[in-house]
Amino acid sequence: MADIRFVTSNEHKFEEIRRMFKKRKINVLWIRARYEEPRGDANREIVLKSAHTLIKENAIDPPFFVEDSGLFIRCLGGFPGPYSSYVFRKIGCKGILRLMSNEVDRSAEFVSSIAFVADSRRIFVIEGRVHGTIPQSMRGEGWGFDPIFQPHGAGGLTFGELGKHKDRFSHRGRAVGKLISIIESLFY
Ligand code: IMP
């Protein structure tokens, strides 16, 4: 089957995706491209528009996919949500912890949306979600908000402490699980 292309400028995302695809023996190529991300409230709206732009520009041969993700914190009204990457660059994990210093409700959700362009006629939009909590301080390594997100069901460990086991719990792991089922049903 054809190689699947993943369009992203984020090497951490690619590394996670490569690891997940490798288990299923599907080859994924990294198209290290930055593309204009449209504004939108929902991650799924953003990925769909991005995929349409890339199709229109004829920039990348299908099959390819794009992914957009965000951290939605309940006591902050869903902030930073679709602005997660900007907010991470500006205030980081420490800034989020500061904003939440007096908050009792620590619940949050990570969402990953993927638009998979199978060919010139078919686009699939897929979503993966994980509920969790924001601890009082940073723990573990990882990237982005990994040190301040404890997914439910992982014994209170943060993504940053889970290392590669993060994939079993993560929003991206869940979205990619669905993507792999679609790829296997279309191409195998
Ligand atoms: P975007 O999908 O490129 O718009 O970026 C989303 C932002 O959310 C990233 O830059 C990270 O700051 C954060 N983020 C998304 N997924 C994860 C994750 O799995 N771990 C940590 N931070 C994440």
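In helix α3, the residues Ser84, Val87, Gly92, Cys93, Gly95, Ile96 and Leu97 are buried, where buried denotes a relative accessible area under 20%, exposed one over 50%, and partly exposed the range in between, computed with a 1.4 Å probe on protein chains only. The model is a predicted one, in which local features need a pLDDT of at least 70 and side-chain atom pairs count only at pLDDT 80 or more, whereas totals for chains, interfaces and linings use all residues. Residues are numbered from 1 along each chain as its sequence is written, and side-chain values use heavy atoms, with hydrogens and water left out. Helices (H or I, at least four residues) and strands (E, at least two) are DSSP runs numbered from the N terminus.

The buried residues of α3 pack against β3 (64-73) and β4 (80-81), contact being defined as heavy atoms within 4.5 Å. Helix α3 spans residues 84-99, and although it has 16 residues, its end C-alpha atoms are only 14 Å apart, short of the 22 Å that a straight helix would reach at 1.5 Å a residue; the expected span is taken as 1.5 Å times one less than the number of residues. A bend of about 90° is found in α3 at Ile91, the bend at a residue being the angle between axes fitted to the seven residues ending there and the seven starting there.

Strand β3 also holds Ser69, which counts as buried because its relative accessible area is 17%. The side chains of Ser69 and Glu67 are joined by a polar contact of 3.5 Å; such a contact is a pair of N or O atoms within 3.5 Å, of which, within protein, one must be able to donate a hydrogen and the other to accept it, and residues adjacent in sequence count only if both atoms are side-chain atoms. With neighbours within four places in sequence left aside, Ser69 is in contact with Lys13, Asn43, Gly81, Ser84, Val111, Ser112, His171 and Arg172.

Strand β5 pairs with strand β6 (residues 123-133) in the antiparallel sense over 11 bridges, two strands being paired if DSSP finds at least two bridges between them. A hairpin of five residues joins β5 to β6, and Val125 in β6 is the bridge partner of Ala115. Strand β6 in turn pairs with strand β7 (residues 150-151), again in the antiparallel sense, over two bridges, with Thr133 standing opposite Gln150 of β7.

The largest nonpolar core has 19 residues, and those with the most contacts inside it are Phe21, Phe65, Phe116 and Leu179; a nonpolar core is a set of buried Ala, Val, Leu, Ile, Met, Phe, Trp, Tyr and Cys residues joined through side-chain atoms within 4.5 Å. At least two residues of this core are supplied by each of β1 (4-7), α1 (11-23), β5 and α5 (171-187), and the largest share, six residues, comes from α5. Phe65, leaving aside its neighbours within four places in sequence, is in contact with Ile4, Arg5, Phe6, Val7, Ile17, Phe21, Val28, Ile114, Ala115, Phe116 and Leu179. A second, separate core of 18 residues includes Leu71, Ile73, Met100 and Val130.

Several backbone features were also examined. Most residues other than glycine have a negative phi, and most peptide bonds are trans. Lys25, however, has a positive phi of about 60° although it is not a glycine; Lys25 is placed in the loop between α1 and β2 (28-31) and counts as exposed because its relative accessibility is 74%. Asn58, in the loop between α2 and β3, likewise has a positive phi, near 55°, and is exposed at 64% relative accessibility. A cis peptide bond, with omega about 0°, joins Pro62 and Pro63, and Pro63 is in the loop between α2 (43-56) and β3. Another cis peptide bond, also with omega about 0°, joins Phe79 and Pro80, the latter being found in strand β4.
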